[in-house]
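Q: Please take a close look at a single part of this structure and describe its surroundings. I would like one connected account, with cut-offs given for the terms used.

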Amino acid sequence: MADPAHVPTSRPMDAWLDALSEPNGSPGGGAATGVLLGVAAALMGMVAAYTPDSPAATTSAERLARHRADVLQAIEADGVLSVQFGSALALAPEHPERDQRVSAAAVDAAGSVARLGAIGILLVSDARVLASNGNPHIAVDLAVAMEALAAGLSGAALSLRANLQIGRTHGADAATLASLETDVRRLDEARQEVAQLIRRISADLD
């Protein structure tokens with residue numbers, strides 16, 4: 001029988017999902033993207049832990065623990081910026097500072113999503129390591145982790161594009177937007193690589 005102290009409770013997750021379902025923007029899509037990346041890091045960490053005879057997997061497990069902690073911090077920061085973004089968008093159209101405030105908030109929100117996406121891109125290298133070195137008996141768990149990673153990368157790219165569009169509409173600096181647009185391409189490329197890894201693992205499951 002499982003130790004009651006270690007039986008997971010659904011209450012914290014229930015509360016978070018309830019908050020996510022509300023029309024308040026925080027948590028929102030950025031936080032959800034971060035959670036997907038956190039799930040990917042945690043599940044890949046499990047695969048690495050089940051591969052104790054591989055030095056590469058052991059090193060990967062250490063990196064994944066750091067990435068998971070970074071994701072949690074990035075989710076918290078994104079929540080603050082989401083509130084600020086929502087406040088700017090809620091200003092009346094005739095407000096004299098609306099364009100400036102929406103533009104600044106959109107760029108900040110884009111930067112926040114880009115930071116989450118950068119963590120996702122770092123996870124791709126560990127996905128690659130575990131695809132080659134991970135315990136083959138739990139290959140399905142690695143595939144599920146990669147599906148979460150692919151969804152997180154896609155979510156980050158989509159959110160980033162949406163924020164850039166709003167920033168562009170409200171007069172954001174073109175050079176700043178160009179830098180963030182590069183991040184969109186990097187996220188798309190990372191997602192494509194993960195999709196290839198998923199296909200490779202999936203082919204061995206039948």
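A: With a relative accessibility of 1%, Val47 counts as buried (buried means under 20% relative accessible area, exposed over 50%, and partly exposed in between, using a 1.4 Å probe and protein chains only). The model is predicted, so local features need a pLDDT of at least 70 and side-chain atom pairs count only at pLDDT 80 or more, while totals for chains, interfaces and linings use all residues. Residues are numbered from 1 along each chain as its sequence is written, and side-chain values use heavy atoms, with hydrogens and water left out.

Val47 lies in helix 2 (helices are DSSP runs of H or I with at least four residues, strands are runs of E with at least two, and both are numbered from the N terminus). Leaving out residues up to four places away in sequence, Val47 touches Leu130, Gly134, Asn135, Ile138, Asp141 and Leu142 (contact means heavy atoms within 4.5 Å). Val47 and Leu130 are 83 residues apart along the chain, yet their C-alpha atoms are separated by 7.6 Å.

This pair belongs to a helix packing. Two packed helices are described by the angle between their axes and the distance between the axes. Helix 2 (residues 29-49) packs on helix 4 (residues 98-133) at an angle of about 25°, and their axes are 10 Å apart (axes are lines fitted to C-alpha atoms, for helices over the stretch in contact, and angles run from 0 to 180 degrees between N-to-C directions). Helix 2 is therefore roughly parallel to helix 4 (angles under 35 degrees count as roughly parallel, over 145 as roughly antiparallel, 65 to 115 as roughly perpendicular, and the rest as oblique). On the helix 2 side the contact is made by Gly30, Gly34, Leu37, Ala41, Met44, Val47 and Ala48, which meet Leu116, Gly120, Leu123, Asp126, Ala127 and Leu130 of helix 4. By class, these contact residues divide into nine nonpolar, three polar and one charged (Ala, Val, Leu, Ile, Met, Phe, Trp, Tyr, Cys and Pro count as nonpolar, Asp, Glu, Lys and Arg as charged, and the others, Gly among them, as polar).

The loop between helix 2 and helix 3 holds Thr51. Thr51 is also buried, at 7% relative accessibility. Apart from neighbours within four places in sequence, Thr51 contacts Ala57, Thr58, Asn133, Gly134 and Asn135.

Helix 3 (residues 55-89) includes His67. The relative accessible area of His67 is 11%, so His67 is buried. With neighbours within four places in sequence set aside, His67 contacts Ile119, Leu122, Leu123 and Asp126.

Helix 4 also packs on helix 5 (residues 139-169), at an angle of about 160° and with the axes 8 Å apart. Helix 4 and helix 5 are therefore roughly antiparallel. Their contact residues divide into 20 nonpolar, six polar and no charged. The 31 residues of helix 5 should span 45 Å at 1.5 Å a residue, and its end C-alpha atoms are 45 Å apart, which agrees (the expected span is 1.5 Å times one less than the number of residues). Just after helix 5, Gly171 takes a positive phi of about 85°.

As for the whole chain, it has six helices and zero strands. Of its 206 residues, 42% count as buried. Among contacts with a separation of 6 or more, 79% come from residues 24 or more positions apart.
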